[in-house]
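Here's a quick tour of one model, with the cut-offs spelled out along the way.

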Amino acid sequence: MKTIITMTMNKSFLTLFVMIFLTALVASCDFFRKGDPVGSISEVDADAQYRDSTIYGACGKATSMNSLQLITDTGDTLVLSLVNAQEAGMVLGGIKAGERMAVVANSDSTEAVQVINITALLGDWVMEDPIDGSGEVGISIKDGGVAESINHTTIQYQSWRLLNGELEITNTRDDGVDFEETYRYKLLYLGPDSLVFQETEKPVNETRAEVFEYTRQKPKEHFDPGFELEDSKFEDFVF
């Protein structure tokens, strides 16, 4: 009886050992075949590209010419140097107390690498229609990440966000194919009435990445509701 139990245990142990060995062998073959197993450094780096390191908050009253006081969304108060960002032209949209900011900072959050005034970014931006120049087309950048098209017949903007200092816009097309397209742009200039950004990657078969130059859409003029036309008489039209 004891011999039978011992043989059974040995058989079970041998079976378990074979299973472990085969599992390890398959994993090893898969590693060499793919050359890049799940969880590798390259995949971690790819994920990092889509991880937003931007600091969001409001411009504080203690902001000066060369430093930004940022009251962050998490409740912290940071004081960041603006010197290098100003020299590089990376303070976009100006700085004003109370307005919302997006800041890309150095590793210890003492120096601003790029500052984007989100309040200045919001609004309706238009350019001359590149197809025939007969009118204006553009994008409406709204609070809460909402984007809308202005006079576009085929492109319908859906959303926008800032990702590590770049502007990301998602849209769909009215061409019978229902899928979303997402593009990322480098902000080149943001002023009271001007917005300029450039594609981060040039399209296939293109020599350079396209630059888009917008101006802030002016509000439509309205007549004074109190304006009244004078009554005309027949003799007024007799020559």
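## The open sheet

Six strands make up an open sheet in the order β3-β2-β1-β5-β6-β4, and the pairing is mixed. Strands here are DSSP runs of E with at least two residues, numbered from the N terminus, and two of them pair if DSSP finds at least two bridges between them. At the edges sit β3 (77–81) and β4 (91–92), each pairing on one side only.

This is a predicted model, so local features need pLDDT of at least 70 and side-chain atom pairs count only at pLDDT 80 or more, while totals for chains, interfaces and linings use all residues. Residues are numbered from 1 along each chain as its sequence is written, and side-chain values use heavy atoms, with hydrogens and water left out.

## β5 and β6

Strands β5 (residues 100–105) and β6 (residues 112–117) run antiparallel, joined by 5 bridges. Ala105 stands opposite Ala112 in β6. As background, strands of a sheet pair through backbone hydrogen bonds, either parallel or antiparallel.

## The aromatic cluster

The structure has 4 aromatic pairs. Rings of Phe, Tyr and Trp (its six-membered ring) pair if their centres lie within 6.5 Å; planes under 30 degrees apart are stacked, over 60 edge-to-face, and the rest tilted. Tyr185 and Phe197 make a tilted pair, 4.7 Å centre to centre with 50 degrees between the planes. Tyr185 lies in strand β12 (residues 181–190) and Phe197 in strand β13 (residues 194–199), so this pair ties together parts 12 residues apart in sequence.

Tyr185 also pairs with Phe212, this time edge-to-face: 5.8 Å centre to centre and 85 degrees between the planes. Tyr185, Phe197, Phe212 and Tyr214 form one aromatic cluster.

For the cut-offs, buried means under 20% relative accessible area, exposed over 50%, and partly exposed in between (1.4 Å probe, protein chains only).

## Positive phi in two loops

Most residues other than glycine have a negative phi. Ser109 has a positive one, near 55 degrees. Ser109 is in the loop between β5 and β6, and is partly exposed with a relative accessible area of 24%.

Asn151 also has a positive phi, about 65 degrees, although it is not a glycine. Look for Asn151 in the loop between β9 (147–150) and β10 (155–163). At 54% relative accessibility, Asn151 counts as exposed.

Key: Helix = DSSP H or I, 4+ residues; strand = E, 2+ residues; numbered from the N terminus.
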